[in-house]
Amino acid sequence: MSDSGHTNIIELENVDKFFGVFQALKNVSLSVKTGERIVVCGPSGSGKSTLIRCINRLEEHSSGKIVVNGHELTSAVKNIDAVRREVGMVFQSFNLFPHLTIIKNLMLAPTLVRKASKSEARDTAMKYLERVKIPEQADKYPSQLSGGQQQRVAIARALCMNPKVMLFDEPTSALDPEMISEVLDVMTDLARDGMTMIVVTHEMGFARSVADKVVFMDYGEIVEMNPPEEFFDNPQHERTKLFLSQILAH
Amino acid sequence: MRFIDVALIIDSIPRILMGIGLTFQLLFLSLTLGTALAIILLLLRISGRWYLAAPTMVYIYIFRGTPILVQIFIIYYGLPQLEFIRESIFWPILREPFGCAIIALSLNTGAYVSEIFRGGVLGVDRGLKEAGAALGLSVTQRFIYITSPIAIRLCLPAYSNDVVSLMKSTALASTITLLDMMGIARTIVAETYAPYEIFLSVMVIYLIITWVIQRTFGWIEKRMSQHIRSEA
């Protein structure tokens, strides 16, 4: 394959995605280098979530090519597994397993997928719980935690798999305002440590301070992609300007 | 003129209770076999392969769509008419009314319970399965470690209803000569011509068993769901 496939950990080429007759992604191409932090924004229904859900095959793209860490995503289960092992994901609605304690939420995938021993998995889990600053919640159940705490656990759960890339699908949208910053802080820390991240979010402050590139999507297309200074101070397209004026107005 | 013969009730309850062992055998054996069958039917039904799902749906339709009494009669009176059944390895079981009752009750319960399980599985939040997938768990691992434990909690109330229902259905075994509680009660009625007292007694015993089943499941539900009251 080409040289660019070597440095780019994620490569999307002319990706289309249809839900029935509705086209959620239109000819999307995007390259992400190792260590790069991409923020994806855009109006609801613009295809941002679909885009990152295609990267770990929670959605199957209709045409085009997606290569993650050297594995092309096809219907081959082997490749899908290989990609998912290296790509962590954080969801808007946390999606912690309600029947397991926090520590068991974190230990489940490493023991099942990485075949880690119980004690190894527990050590890793505690390390990441400390990193997201809630080790004392280890033996509680998700329902006993606040939204912000749950989302931090969800981030720790993904990190326990030691992923090369982290995908965030509107990680703060379901949170009460006072809990947003505790989650963004954890994400900012992660970015500082060099994690490759793709973040779908409306938090423009986060985008400005953390992103290497901001991607603006509308109607399933990537309309504009620029470094944050350029993106916010000198938007090129009318649709970007309109979106920014709406989202930054208040 | 008296309304009720209390002495007769007091005399017959111990006799009726001699059948409680058989009632429980019918209940627990067919519950175990029926639940195992239900899991198999569920897996076939949700396999995503039409040639596995379609026969399962036909099976479930037949067993839920016909009276269990008819099913018992077909197995007990109908099957022995077939030569190859009499020569098969199943004949030692099908020859006995007990075996026939267990088979009929298990097949029937399996059909009902598999639908209950399916409801539970469908009730599991899609996001949780996606979270499992995103973490790299295989389809089987997701089913065992995420879907099943949550689905079990979701379908426990409906399942407990079905256990009660099955317990009551065991009384039908008395129609094929078995001397469970109902069978004994019918024998006593034939001797005493006092259907009112005897059937009233057996009714009270069934009610008590139902109460115990409901309390047991209530306790299990409470224990299992104490941490998942509020899902975000």
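A: Between chain A and chain B, 4 residue pairs are in polar contact, both residues being at pLDDT 80 or more. A polar contact is a pair of N or O atoms within 3.5 Å; within protein, one must be able to donate a hydrogen and the other to accept it, and residues adjacent in sequence count only if both atoms are side-chain atoms. The model is predicted, so local features need pLDDT of at least 70 and side-chain atom pairs count only at pLDDT 80 or more, while totals for chains, interfaces and linings use all residues; side-chain values use heavy atoms, without hydrogens or water. Residues are numbered from 1 along each chain as its sequence is written, and chains are lettered from A and ligands numbered from 1 in the order in which they are written.

The rule finds 1 salt bridge across the interface of chain A and chain B. Here a salt bridge is a side-chain nitrogen of Lys or Arg within 4 Å of a carboxyl oxygen of Asp or Glu. Arg53(A) forms a salt bridge with Glu130(B), with 2.6 Å between the closest N and O atoms. On the side of chain A that touches chain B, the elements giving two or more residues are β6 (87-90), α4 (102-112) and α6 (147-159) of chain A. Helices (H or I, at least four residues) and strands (E, at least two) are DSSP runs, numbered from the N terminus.

Now the extent of the interface. Chain A gives 26 residues to the contact and chain B gives 25 residues. Contact means heavy atoms within 4.5 Å. The size of an interface is often given as the accessible area lost when the parts come together. Chain A and chain B bury about 2,100 Å² between them, with 65% of it on carbon and sulfur atoms. That area is what the two parts lose on being put together, summed over both (1.4 Å probe).

Next, the sheet in chain A.

Strands pair here if DSSP finds at least two bridges between them. β1(A) and β2(A) run antiparallel and are joined by 8 bridges. Ile10(A) has Val32(A) as its bridge partner in β2(A). These strands, β1(A) and β2(A), form a hairpin with 2 residues between them, and Gly20(A) in the turn has a positive phi of about 65°. β1(A) also pairs with β4(A), in the antiparallel sense, over 5 bridges. Glu11(A) has Val67(A) as its bridge partner in β4(A). Strand β4 (residues 63-68) of chain A runs antiparallel to β5(A), joined to it by 2 bridges. Val68(A) has His71(A) as its bridge partner in β5(A). The hairpin of β4(A) and β5(A) has 2 residues between the strands, and Asn69(A) there takes a positive phi near 55°.

Then two buried residues of chain A. Ser46(A) lies in the loop between β3 (37-41) and α2 of chain A. Ser46(A) has a relative accessible area of 1% and is buried; buried means under 20%, exposed over 50%, and partly exposed in between (1.4 Å probe, protein chains only). Its side chain reaches the backbone oxygen of Pro43(A) at 2.7 Å. Not counting residues up to four places away in sequence, Ser46(A) touches residues including Ala24(A), Met217(A) and Tyr219(A). Phe216(A) sits in strand β9 (residues 213-218) of chain A. Phe216(A) is buried at 0% relative accessible area. With the sequence limit of up to four places again applied, residues touched by Phe216(A) include Cys41(A), Pro43(A), Phe231(A) and Phe243(A).

Last, chain B. Chain B has 11 helices and 0 strands. Its C-alpha atoms fill a box of roughly 75 × 50 × 25 Å, taken along the principal axes. Buried residues make up 45% of its 232 residues. Ser169(B) is found in helix α9 (residues 139-169) of chain B. Ser169(B) counts as buried at 16% relative accessibility. Leaving out residues up to four places away in sequence, Ser169(B) touches Ile68(B) and Leu105(B).
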